[in-house]
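Subject: Handover of a structure

Hello,

I am passing this structure on to you. Please look it over first, then read the notes below it.

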Amino acid sequence: EPPPTNTEANIVDLGVDFDGSITWNGDKVDRDTLDTKLLEAANSKPAAEIQIDPNRLAKYDSVAMVLADAQHLGVTHIGFTGIDQYN
């Protein structure tokens, strides 16, 4: 029998801070690096799950731009974390 395959999705924490800066698993990245990482995440098997964690003071435009880039590059598994900070 072939060995079992690892089907557990790679989970990425994508932070958007109040000043528009972006972090990938805690490491600050620029827009070009973000696009490269999003493309790699979209093409990984299994597909990576991107969990966006926006700072409560982050501008809507900054978060929307990250979402648009992710969609444009083919990321299909996107969710939000940290929503409890808005209550």
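The notes below go from the whole chain to single residues.

This is a predicted model, in which local features need pLDDT of at least 70 and side-chain atom pairs count only at pLDDT 80 or more, while totals for chains, interfaces and linings use all residues. Residues are numbered from 1 along each chain as its sequence is written, and side-chain values use heavy atoms, with hydrogens and water left out.

Overall make-up

The chain holds 2 helices and 5 strands; helices (H or I, at least four residues) and strands (E, at least two) are DSSP runs, numbered from the N terminus. Their order from the N terminus is β-β-β-α-β-α-β. Of the 87 residues in the chain, 28% are buried, where buried means under 20% relative accessible area, exposed over 50%, and partly exposed in between (1.4 Å probe, protein chains only). Among contacts (heavy atoms within 4.5 Å) with a separation of 6 or more, 68% are between residues 24 or more positions apart.

Strand β4 covers residues 49–54. I50, I52 and P54 form its covered face, and E49, Q51 and D53 its uncovered one. Strands pair if DSSP finds at least two bridges between them. β4 pairs with β1 (residues 11–16) in the parallel sense over 6 bridges, and D53 in β4 is the bridge partner of G15. β4 is also joined to β5 (residues 78–80) by 3 bridges, again parallel, with I50 opposite I78. Together with helix α2 (residues 60–72), β4 and β5 make a right-handed β-α-β unit; right-handed means that, with the strands pointing away from the viewer, the path from the first strand over the helix to the second runs clockwise.

The core

The largest nonpolar core has 19 residues, and L14, W24, L34, L38, I50 and V66 have the most contacts inside it. Such a core is a set of buried Ala, Val, Leu, Ile, Met, Phe, Trp, Tyr and Cys residues joined through side-chain atoms within 4.5 Å. Two or more residues each come from β1, β2 (22–24), α1 (31–43), β4 and α2, and α1 gives the largest share, 4 residues. In soluble globular proteins, nonpolar side chains tend to be buried together. Leaving aside neighbours within four places in sequence, W24 is in contact with V12, D13, L14, V29, L34, K37, L38, A41 and I50.

Single residues

Not counting residues up to four places away in sequence, D69 touches R31, D35 and L38.

I78 lies in β5 and counts as partly exposed because its relative accessibility is 33%. With residues up to four places away in sequence not counted, I78 touches I50, I52, L67 and A70.

Two backbone details remain. K45 and P46 are joined by a cis peptide bond, with omega about -5°; P46 is in the loop between α1 and β4. N25, in the loop between β2 and β3 (27–29), has a positive phi near 50° although N25 is not glycine.

Regards
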